[in-house]
Amino acid sequence: MIELIDIESCFNITHLPQNWERFMPDDGSAYDSHVFEPLTYKCICGYMVEFKDVDFKKHRLSNFSNLTPKDDDVFNKYIKQNNLKVNSFLDFYCPKCGKATRIFFSSGYGGRHGDYIVDIELALAVKK
Ligand SMILES: [Zn+2]
């Protein structure tokens, strides 16, 4: 019912912002930490879904699902059965192929500038 998505190959990046650890004082303003680079997810059908920091902030520590109760339940059962430790999630139906997909992430404020940091932890989809 559930398939595990390889996050390394389906996301352009799995940690945001990307470069704050590599910031060197002599580099000047090479990297603007206030620009949140969009995170792009590529569905198995090839459709690209883009996420911004507001998308993660909105779903942070929330149980809100964009899916039908039936699909929401499929994911919740899987998490429970496999005893997965997950933080926040956001989910969607792929606009092209309709695949129910849920992305799990952890997020918070940290780093040198108190940036909003997102880590993609896991992605699951309902098998059709
Ligand atoms: Zn798709």
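Predicted model: local features only at pLDDT ≥ 70, side-chain atom pairs only at ≥ 80, totals over all residues.
I started at Leu-61, which counts as exposed because it has 9 C-beta neighbours inside 10 Å, and the cut-off for exposed is 12 or fewer.

Next I checked where Leu-61 sits, and found it in the loop between α2 (53–59) and α3 (69–81). Its phi is near 50 degrees, a positive value in a residue other than glycine. I flagged that because most residues other than glycine have a negative phi.

Where does Asn-83 sit? I placed Asn-83 in the loop between α3 and β5 (88–93). Asn-83 is not a glycine, yet I read a positive phi of about 50 degrees for it. I put Asn-83 down as exposed, since 6 other C-beta atoms lie within 10 Å.

Then I went through the peptide bonds. The one joining Leu-16 and Pro-17 is cis, with omega about -10 degrees. I noted it because most peptide bonds are trans. Pro-17 belongs to the loop between β2 (15–16) and β3 (39–42).

Last, the overall picture. I listed three helices and seven strands, and from the N terminus they run β-α-β-β-β-α-α-β-β-β. Of the 128 residues in the protein, 18% are buried. For contacts between residues at least 6 apart in sequence, I have 57% joining residues at least 24 apart.

Terms used: Residues numbered from 1 in each chain as written. Helix = DSSP H or I, 4+ residues; strand = E, 2+ residues; numbered from the N terminus. Buried ≥ 20, exposed ≤ 12 C-beta atoms within 10 Å, placed from the backbone. Contact = placed C-beta atoms within 7 Å.
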